[in-house]
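Visitor: I have just opened this entry and would like a guided look at it. Could you take my questions one at a time?

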Amino acid sequence: MKTILLSISALMISAAGVAAADDPIAVRKALMQATAASAATSGGMMKGDIAYNPAVAKAAIATLNAVSHAYGDFFPEGLSGENSTASPNIWEDTDAWQQALSKFQIDTQAAVEVSGKDGPADLASFQAVIGPVLSNCRSCHENFRVQTN
Amino acid sequence: MHRKILTPVAALAAAGAAFWFLTGAEGLDAQALASVEPGDAARGERVFWAGGCTSCHARPQAQGDAKLELAGGLELTTDFGTFVAPNISPDPDDGIGAWSEADFANAMLRGVSPEGAHYYPAFPYTSYARMETQDAADLFTFIKTLPPVSGAAGEHQLSFPFNIRRGLGLWKMLYLNEEPVLALGQDASEALRRGQYLVEGPGHCGECHTPRSFTGGLEKGKWLAGAPSAEGNGIVPNITPDESGIDSWSASDIAYYLESGFTPDFDSVGGAMAAVQANMAKLPAEDREAIAAYLKSVPPRPNGYPASQ
């Protein structure tokens, strides 16, 4: 039984590995979808559509933090095209791109610190740290995404 | 013999005279200007954000207070050539500090410079023509409170025949008028009318969101249906209530997007719209709600750009 489980998990890891290597566009899209879902949860709580819950806030922050550290690895030189809205600026202005990735990481790190063990205690403290994190969406998409549909 | 030569010469001269006559730059009439009250800077600031002045006239990539330094310099690269946004800070030498209120109103509402030359419609006066003269006066008063910045921005780099400013007189005859794009019913709410004013006038949304004919005029039958980007990089989306547009968005979704930059599925604003949305966020909530009411009411249109783009 243990062997089967181990081989299944090994299979899953290798499957993910193959997918990541073969299709970076699919991976970075999945990461952005996770980001959008976390932003939706965060936005819902800030708008009052969803009651504030520290554990949910913590989950959103943790997801955004994980994405911020992984995302930049899935933009091999020039990989854009029909299925992608990545702007050529990513490879033409690499310094600005690296700065944008790094700002996303710094802002999520600050949120993780406030989040602590149980998540931000109340909506106000959550808002104070998630606002700067979410502002990265706009600033990055302003320069590094092309609208295609 | 003489006759044979003279006729084409005379015809050419007549055509030249007609061209000269038709292409002159015409400002606002004195009556419109005389009815204006002294400008109010606070009201002018609201016009400033609605009009998005800073998105083209601040230095490229300016953030925070630097958005209020209207030094110019942004380059718009189009099929006609490269347009460079000028310095419109209140600097008397390099900006508009020496202008009169009438100079400013003529520039905004008629696309005419203080020297009587046509401006290129990269400066969206075809939309601003629908603005109240009072709003232009208020805006001028506000801009005069901003920091003067010295240094002129570069010149436009345009190819023939687009480098002949006089030719714009003909273009303006076709495309410049102050009539609203859509006719609203008698029963239209105040919010709807305000939304129409903001979208069709100062907000100049149609300048990017509506496709253009080969002569560079907006195709009003495809109003707000989306268009290939003028800078040749991707598309500008369809914002009519069509299936291919934003029919699934509620009015409050639209208002929230303009406030926060997030779409209903929490994708975020991007590209040139990011700066526009940042301006919209500075308007009172009632203005964003008015824009939303108008966008929900415009005729639905299929995408105004080819599927391959």
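Predicted model: local features only at pLDDT ≥ 70, side-chain atom pairs only at ≥ 80, totals over all residues.

Visitor: What does the secondary structure of chain A come to?

Guide: Chain A has six helices and zero strands. Along the sequence, the pattern reads α-α-α-α-α-α.

Visitor: And how many residues of chain A count as buried, as a percentage?

Guide: The buried share is 26% of the 149 residues of chain A.

Visitor: How do α2(A) and α3(A) cross?

Guide: Their axes come within 9 Å and cross at roughly 150°. An angle over 145 degrees counts as roughly antiparallel, and α2(A) and α3(A) are therefore roughly antiparallel to each other. The crossing of α2(A) past α3(A) is left-handed.

Visitor: Which residues meet there?

Guide: From α2(A), the residues are A:L31, A:A34, A:T35, A:S38, A:T41, A:S42 and A:M45. They meet A:V56, A:A57, A:A60, A:T63, A:L64, A:V67 and A:A70 of α3(A). By class, this contact of α2(A) with α3(A) holds nine nonpolar and five polar residues, and no charged ones.

Visitor: Now the contact between the chains. How many residues does each chain give?

Guide: Chain A gives twelve residues and chain B gives 15 residues. On the side of chain A that touches chain B, the elements giving two or more residues are α2 (24-47) and α6 (123-144) of chain A. The residues on that side of chain A are five nonpolar, four polar and three charged.

Visitor: Let us move to chain B. In what order do the strands of its open sheet come?

Guide: The three strands of the open sheet in chain B are ordered β1-β2-β3, with antiparallel pairing. The edge strands, β1 (75-78) and β3 of chain B, each pair on one side only.

Visitor: How many bridges join β1(B) to β2(B)?

Guide: Four bridges join these antiparallel strands, β1(B) and β2(B). B:E75 is opposite B:V84 in β2(B). The hairpin that joins β1(B) to β2(B) passes through two residues.

Visitor: And how many bridges for β2(B) and β3(B)?

Guide: There are two bridges between β2(B), residues 81-84, and β3(B), again in the antiparallel sense. For B:G81, the bridge partner in β3(B) is B:L158.

Visitor: Which peptide bond is cis?

Guide: The bond from B:F160 to B:P161 is cis, and its omega is near 5°. B:P161 sits in the loop between β3 (157-158) and α8 (168-175) of chain B.

Visitor: What about phi at B:H204?

Guide: B:H204 is not a glycine, although its phi is positive at about 40°. The loop that holds B:H204 runs between α9 (190-200) and α10 (206-209) of chain B.

Visitor: Buried or exposed, that B:H204?

Guide: B:H204 counts as buried, because there are 23 C-beta neighbours inside 10 Å. The cut-off for buried is 20 or more.

Visitor: Where is B:F266 found?

Guide: B:F266 is in the loop between α11 and α12 of chain B. Its phi is positive, about 60°, and B:F266 is not a glycine either. B:F266 counts as buried because it has 20 C-beta neighbours inside 10 Å.

Visitor: Which residues are buried in helix α11 of chain B?

Guide: In this helix, residues 251-260, the buried residues are B:I254, B:A255, B:Y257, B:L258 and B:S260. The buried residues of α11(B) pack against α12 (272-280) and α13 (285-297) of chain B. Just after α11(B) comes B:G261, with a positive phi of about 85°.

Visitor: Why is B:Y257 buried?

Guide: B:Y257 counts as buried because 22 other C-beta atoms are within 10 Å.

Visitor: What does B:Y257 touch, leaving out residues up to four places away in sequence?

Guide: On that basis, B:Y257 touches B:F262 and B:T263.

Visitor: How many Å apart are B:Y257 and B:D187?

Guide: From C-alpha to C-alpha, B:Y257 and B:D187 are 27 Å apart in space, and they are 70 residues apart in sequence.

Conventions:
Residues numbered from 1 in each chain as written. Chains lettered and ligands numbered in written order. Buried ≥ 20, exposed ≤ 12 C-beta atoms within 10 Å, placed from the backbone. Contact = placed C-beta atoms within 7 Å. Nonpolar A, V, L, I, M, F, W, Y, C, P; charged D, E, K, R; others polar. Axes fitted to C-alpha atoms, helices over the stretch in contact; angles between N-to-C directions. Parallel < 35°, antiparallel > 145°, perpendicular 65-115°, else oblique. Left-handed = near helix turned anticlockwise from the far one by under 90°. Pairing = 2+ DSSP bridges.
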